[in-house]
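Student: I am new to this structure. Please take me through one part of it, closely and step by step.

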Amino acid sequence: LMPFVRLTTHADAALQKSLAWKAFTLSTIVLFVVALFGVGLVERWKITAPALMIAAGVILFVWSVETLGQIGKVVPPPPPEHPAPLLAVTPLTVPGIITPYGVAAVLLFAMSPIAQSLPGLVTILLLLLTVMVLNLLFMLGARRLLQAIGGPVTMQLAGAVLGVLQAALAVQIILNALVRLG
């Protein structure tokens, strides 16, 4: 949410809406492709679910520690005066919405036994679509939401708490993978 707010600080409502919709569309398409076709690549490379879990855990842990280390230390770059539509691709879609650990999570869901049946795969895709629609709604309502919760300082506090929880989740993912390995 904060990257979107920072990138669109000087943008008018029409450009904000356009960037949100472009980022939503692109990220949803990419993640659906990952969910539908990524498993084939994982299988071809002979990557096991525990290996992918460990990779996801390590990536999430590093990402969380980096995020926690930046809180209060780094002044974000000033928002662009005239955000370009290309910002919907990067940094908004990648790595803002499509994170490396998010790709791993999508692959893990797609590799799960549930996804091996058509109804199970459709359920996973619908859940993924739900998450993406929530992302879109948060982007479209970002300014109102930020004002309602007290501004960027509240978001930084929430980011610190979530950063710690993400680091713990990363460790748990790795522990779960090790248990699966025996």
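Tutor: Start with a term. On a 1 Å grid over the protein atoms alone, a pocket is an open set of points where a 1.4 Å probe fits, with protein on both sides within 12 Å along at least five of seven lines. Its volume is the space filled by probe spheres set on the points, which are joined across faces, edges and corners. The second largest pocket here has a volume of about 230 Å³. This is a predicted model: local features need pLDDT of at least 70, side-chain atom pairs count only at pLDDT 80 or more, and totals for chains, interfaces and linings use all residues. Residues are numbered from 1 along each chain as its sequence is written, and side-chain values use heavy atoms, leaving out hydrogens and water.

Now the lining, meaning residues with an atom within 4 Å of a point. The second largest pocket is lined by Met 53, Ala 56, Leu 60, Tyr 101, Ala 105, Leu 108, Phe 109, Gln 166, Leu 169 and Ile 173. Helices are DSSP runs (H or I, at least four residues), numbered from the N terminus. At least two lining residues come from each of α3 (49–70), α5 (100–111) and α8 (152–181). The largest share, four residues, belongs to α5.

Ala, Val, Leu, Ile, Met, Phe, Trp, Tyr, Cys and Pro count as nonpolar, Asp, Glu, Lys and Arg as charged, and the others, Gly among them, as polar. By that scheme, nine residues of this lining are nonpolar and one is polar.
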